[in-house]
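Morning, everyone. I have one model to show, and I'll keep this quick.

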Amino acid sequence: MKINILTLFPDMFSGFLNESIIKRALEKELIKINVINIRDFTFDKHKQVDDTPFGGGGGMVLKPEPLFRVLEKFKKSKIIYTSPQGKTLTQNLVKDLSKEKEITIIAGHYEGIDERVIEELVDLEISIGDYVLTGGELPAMIITDAISRLIPGVLGNTASYENDSFYNGLLDYPHYTRPAEYNGLKVPEVLLSGHHKNIEIWRKKESIKRTYIRRPDLLEKKLENKEFSKLEIKLLDEIKK
Ligand SMILES: NC(=O)c1ccc(NCc2ccccc2N2CCOCC2)nc1
């Protein structure tokens with residue numbers, strides 16, 4: 001999987017690329033991440049990347065020329081634009097994107113980019129949620145992170161995404177580690193029992209209970225898509241009693 005990120009602020013990505021799981025995935029060449037400075041594709045004296053909006057209104061808009069030039073180099077990849085106007089990112093969309101050979105993410109800035117770039121070149125506009133940020137760089141990192149962890153080998157065998165909460169449409173169950181008692185606070189007995197079947201059922205029930213309480217919309221979706229196992233239905237009935 002190759003991910004190109006087009007940005008005006010490449011230095012924002014150094015921490016993201018040089019730490020932890022992404023760093024190791026890059027070293028193992030499981031993924032390739034290419035951060036490109038849009039300004040390198042300006043050829044005028046002032047290296048102008050943005051300009052005032054037609055129709056007035058203040059703020060600046062990214063000019064079409066540098067973006068058309070740089071996107072020419074990546075036209076074989078799926079072109080994504082991060083903006084508040086995009087399709088909201090979900091784990092299912094992340095899963096679909098993780099199957100692409102190469103994607104190019106345009107990190108929007110200022111008031112956005114010239115609409116002609118979106119109309120002509122962007123395949124998919126993505127929003128990471130309904131809130132406003134100073135730029136598209138963090139959304140680009142979030143999309144890259146979420147995709148990368150689904151690439152085989154990126155997550156060591158300890159953490160695997162199969163049990164991801166959103167992977168099965170439920171919220172995660174509670175996690176505990178040593179000590180078994182801290183400040184008089186005990187870890188649920190079942191987790192100390194070594195009884196794997198009971199532990200698995202307890203975790204599944206906790207996931208469903210949490211989802212039922214905190215995100216009933218996710219349960220609705222799972223029910224609509226008929227994605228409930230018999231066990232999950234049984235546990236949900238117990239919870240509702
Ligand atoms: N939810 C998201 O994915 C998200 C993404 C980007 C983003 N901001 C950069 C941006 C990018 C494109 C268009 C406008 C803007 N903005 C510029 C500043 O003013 C608001 C609009 N904000 C939120």
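The lining of the second largest pocket divides into 12 nonpolar, 11 polar and three charged residues. Keep in mind that this is a predicted model. The pocket's lining counts 26 residues. Nearest its centre lie Tyr 81, Thr 82, Ser 83, Pro 84 and Gln 85. The volume is about 390 Å³.

Which element gives the largest share of that lining? Strand β5 does, with five residues. Helix α5, residues 115-121, and strand β7, residues 124-127, also come in, and each of these, like β5, supplies at least two.

Now, what takes up the space of the second largest pocket? The ligand does. So let's go to the ligand.

There are 17 residues around the ligand. Those that come nearest are Tyr 81, Tyr 110, Ile 128, Gly 129 and Leu 133. By class, the shell around the ligand has eight nonpolar residues, eight polar ones and one charged. Strand β5 turns up again here. Spanning residues 78-88, β5 gives the most to this shell, with four residues.

Tyr 131 places a backbone N or O atom 3.0 Å from a ligand nitrogen. Leu 133 does likewise, with a backbone N or O atom 2.9 Å from a nitrogen atom of the ligand. How much of the ligand does the protein bury? Taken alone, the ligand exposes 490 Å², and 89% of that is buried by the protein.

Two backbone points before I stop. Most residues other than glycine have a negative phi, and most peptide bonds are trans. Here are two exceptions.

First, Ser 20. Ser 20 is not a glycine, yet its phi is positive, about 55 degrees. Where is Ser 20 found? In helix α2, which covers residues 20-27.

Second, Pro 179. The peptide bond from Arg 178 to Pro 179 is cis, with omega near 5 degrees. Pro 179 has its place in a loop, between helix α6, residues 137-148, and strand β8, residues 181-182.

That's it from me. Over to you.

Conventions
Residues numbered from 1 in each chain as written. Predicted model: local features only at pLDDT ≥ 70, side-chain atom pairs only at ≥ 80, totals over all residues. Heavy atoms only, no water. Near = heavy atom within 4 Å. Polar contact = N/O pair within 3.5 Å; in protein donor to acceptor, adjacent residues only side chain to side chain. Areas by Shrake-Rupley, 256 points an atom, 1.4 Å probe, with all protein chains shown as cover. 1 Å grid on protein atoms, 1.4 Å probe; cavity = no way out; pocket = protein on both sides within 12 Å on 5 of 7 lines; lining within 4 Å. Sits in = over half its atoms within 2 Å of the grid points. Nonpolar A, V, L, I, M, F, W, Y, C, P; charged D, E, K, R; others polar. Points joined across faces, edges and corners; volume = space filled by probe spheres on them.
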